[in-house]
Amino acid sequence: KHHPQGMVPVIVDEEEKEPAVYDSLVCVEFTDDLVNAGIAEGTTPLLPKDPVAKAKARIWVDYFNKNVASNFYKVLVPRDQETRVQGMENFRAALRKFQENMKGPFFLGEHLSAVDIAAFPWAFRAVSVGMLERYRGEDFALDRKEFAKIYDWVQACENLPSVKITLPDKERLIGAYGRYAEGTAKSKIGEALRAGKSAHEH
């Protein structure tokens, strides 16, 4: 009821006196602001304090959303093989660029950042869950050698206690994405792809 389109995540205060905060990346930055303001507990900032570095981090978040997450769905949802193959080529190319720019075990270095939080769910689906090859075959797998840094990064994220407690059951997650693979998903993303748009345009 707090999101205009009934979507998650949403952050509300206990007494619901303040307007709800919603949309994934807005929620991430909001929690970071709460910690920086001393309103909530936390240690490492999710975004750099330097304005230029912060802007660059936001650019990478946007890049991953438009080039990796969107192409994930272009492999999973379309019915024709040609579109799937092109989507996978774009997906791999975007991941190559992403891993080439990693600065440490996490994208910006030694600590988890907003970039990792935005990117990890889709990498988890592709690397740890094997979602694309599960539904589209072995030709849509990510080569472990070519994407070694991506595999290591996903493992580093998974090893964090704060991430571990949020990870879904892999088989249940695969089952939930069956609607996308069958082209029957009624979500905003499913509707956007069937209309010939990209997932990030939903």
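1. Let's start with helix α6, residues 148-158, where I150, Y151, W153, V154, A156, C157 and E158 are buried. Buried here means under 20% relative accessible area, with exposed over 50% and partly exposed in between, using a 1.4 Å probe and protein chains only. Helices are DSSP runs of H or I with at least four residues, numbered from the N terminus.

2. A quick word on the basis of this note: the model is predicted, so local features need pLDDT of at least 70 and side-chain atom pairs count only at pLDDT 80 or more, while totals for chains, interfaces and linings use all residues. Residues are numbered from 1 along each chain as its sequence is written, and side-chain values use heavy atoms, leaving out hydrogens and water.

3. What do the buried residues of α6 pack against? Their partners are α3, α4 and α7 (161-164). Contact means heavy atoms within 4.5 Å. Where α3 and α6 meet, L95, F98 and Q99 come from α3, and A148, K149, I150 and W153 from α6.

4. The geometry of this helix pair is worth a look. The axes of α3 and α6 come within 9 Å and cross at roughly 70°, which makes α3 roughly perpendicular to α6. Axes are lines fitted to C-alpha atoms, for helices over the stretch in contact, and angles run from 0 to 180 degrees between N-to-C directions. Roughly perpendicular covers 65 to 115 degrees; under 35 is roughly parallel, over 145 roughly antiparallel, and the rest oblique.

5. Do look at Q99 in helix α3. Q99 has a relative accessible area of 9%, so it counts as buried. Its side chain reaches the backbone oxygen of E146 at 2.9 Å. Leaving aside residues up to four places away in sequence, Q99 touches E146, F147, A148, K149 and I150.

6. R92 also lies in helix α3 (residues 81-100), and at 19% relative accessibility R92 counts as buried. A polar atom of the R92 side chain lies 2.8 Å from the backbone oxygen of A141. Beyond residues up to four places away in sequence, R92 touches D139, F140, A141, L142 and F147. The C-alpha atoms of R92 and E146 are 9.8 Å apart, although 54 residues separate the two along the chain.

7. Now the aromatics: the structure holds 15 aromatic pairs. Y73 and W122 have ring centres 5.5 Å apart and planes at 65°, so this pair is edge-to-face. Y73 lies in helix α2 (residues 51-76) and W122 in helix α4 (residues 114-128), so the pair ties together parts 49 residues apart in sequence. Y73 is buried at 3% relative accessibility, and W122 is buried at 18%. Rings of Phe, Tyr and Trp (its six-membered ring) pair if their centres lie within 6.5 Å; planes under 30 degrees apart count as stacked, over 60 as edge-to-face and the rest as tilted.

8. F120 and F124 both lie in helix α4, four residues apart, about one turn of the helix, and both are buried. The charged end of R125 sits over the ring of W122, 4.7 Å from its centre; the criterion is NZ of Lys or CZ of Arg within 6 Å of the ring centre and within 35 degrees of the ring normal.

9. Finally, which residues do ring pairs link into a cluster? They are W60, Y63, F64, F98, F107 and W153.

Methods. Helices (H or I, at least four residues) and strands (E, at least two) are DSSP runs, numbered from the N terminus. A polar contact is a pair of N or O atoms within 3.5 Å; within protein, one must be able to donate a hydrogen and the other to accept it, and residues adjacent in sequence count only if both atoms are side-chain atoms.
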